[in-house]
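Please open the model in your viewer and keep the selection tool at hand, as this tour moves from one selection to the next.

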Amino acid sequence: MINSQQHSQSGSQAPARARAYWTVGHEKGELRTEDLPAPGPGEALVRALYSGISKGTETVVHCGNVPPRVAEQMRAPLQEGSFPSPVKFGYLSVGIVEQGPEDWVGRTVFCLHPHQDRYIVPVESLTVVPENVPARRAVLTGTVETAVNALWEAGPRLGDRVAVVGAGLVGGMVATLLRTFPLQRLQLIDVDPAKRAFADALGVEFSHPDDALADCDIVIHCSASQEGLARSLQLVGDEGDVIEMSWYADRKVTIPLGEDFHARRLSIRASQVGVVARARRHRRTNADRLALAVSLLSDPVYDTFLTGASPFAELPAVVHELADGRLDALCHVIEYPSETTAEDKR
């Protein structure tokens, strides 16, 4: 049972105010100051060390492109406000528990919380970061969780031939996990030849779509483009599965269903991290999936995905630059000013 007695490392009261990033209009974000109550029983005060920007999803939110029909389903776990705006959105936060149940104080934790320097959450929403996982790298926990869920959906088997189309953050993460599987063949596919160096760093074979090998048992599509999805249907073998991980938001997508899809009895299955994949839903909880994801981050190869950093004060400008393409990044890290020690930065 959780000890509900509240503690503080410093013995001081909880801060009265916190700062958080809000999307306040079309392509407009700002830092807002808000009241921060003291944690109640079973709650923790977390001081953020780092957060990560999930470029694809957060750009959709920044530009106001969340379709109204699925706005409720696409809410982040600890989101405030509603789409299109004002909304406090994000889900890749790592911090230190400053107050809360005694056995939580001082722990480094991951939380599916928006960008905010301090926040109060139930301890059930926290995932402990293992000692062998650096706090900065732990911002990738939510993205690894997405990739784990996709592999539970896909169910790769011994000797399979697998292609991952789209060498972005999510596609790269899926390929990184798959590189440890006993597959016959794995290719990471992208139209950008510069992605070859990225694939090499991950230890995965790279291919341009024109040169990719067909007759795959599974193709996992992550490019968020209709061209990528069309090519995925060409690459998968007869009666094979394309696992669709892209979120197109309000964009319309046209694909040639009259070609390979129909003639070769193909399947397209969506993978979405909001719920545990059906193949594991009865035996794994969301908390189990997060704990697995953060444990995988002990591998230093995941540092390859951390491609830049900025201070929290610059977050509104950084999101805008990511959205308009001036800043290219896989996962851009936001650093929070605080009473930071060497132990916090481990």
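What follows is a walk through a sheet, the helices on it, some aromatic rings and one further helix.

This is a predicted model, in which local features need pLDDT of at least 70 and side-chain atom pairs count only at pLDDT 80 or more, while totals for chains, interfaces and linings use all residues. Residues are numbered from 1 along each chain as its sequence is written, and side-chain values use heavy atoms, with hydrogens and water left out.

**The sheet**

Begin with the six strands that form an open sheet with parallel pairing, in the order β13-β12-β11-β14-β15-β16; helices (H or I, at least four residues) and strands (E, at least two) are DSSP runs, numbered from the N terminus, and two strands pair if DSSP finds at least two bridges between them. At the edges, select 205-207 for β13 and 267-270 for β16, each of which pairs on one side only.

Next, select residues 161-165 (β11) together with residues 216-221 (β14), which pair in the parallel sense over four bridges. Which residue of β14 is the bridge partner of A163? The partner is V219.

**Helices on the sheet**

**Aromatic rings**

Rings of Phe, Tyr and Trp (its six-membered ring) pair if their centres lie within 6.5 Å, and planes under 30 degrees apart count as stacked, over 60 as edge-to-face and the rest as tilted. By this rule there are five aromatic pairs. Select Y302 and F305, whose ring centres are 6.1 Å apart and whose planes are at 25 degrees, so the pair is stacked. Both Y302 and F305 are buried, meaning under 20% relative accessible area with a 1.4 Å probe and protein chains only. Then move to F83, F89 and Y91, which form one aromatic cluster.

**Helix α1**

Finally, select residues 55-62, helix α1, in which E58, T59, V60, V61 and H62 are buried. The buried residues of α1 pack against β2 (17-25), β3 (28-35), β4 (43-54), β6 (87-88) and α8 (315-324). Just after α1, stop at G64, which takes a positive phi of about 70 degrees.

Terms used: Buried < 20%, exposed > 50% of the residue type's maximum accessible area, 1.4 Å probe, protein only. Contact = heavy atoms within 4.5 Å.
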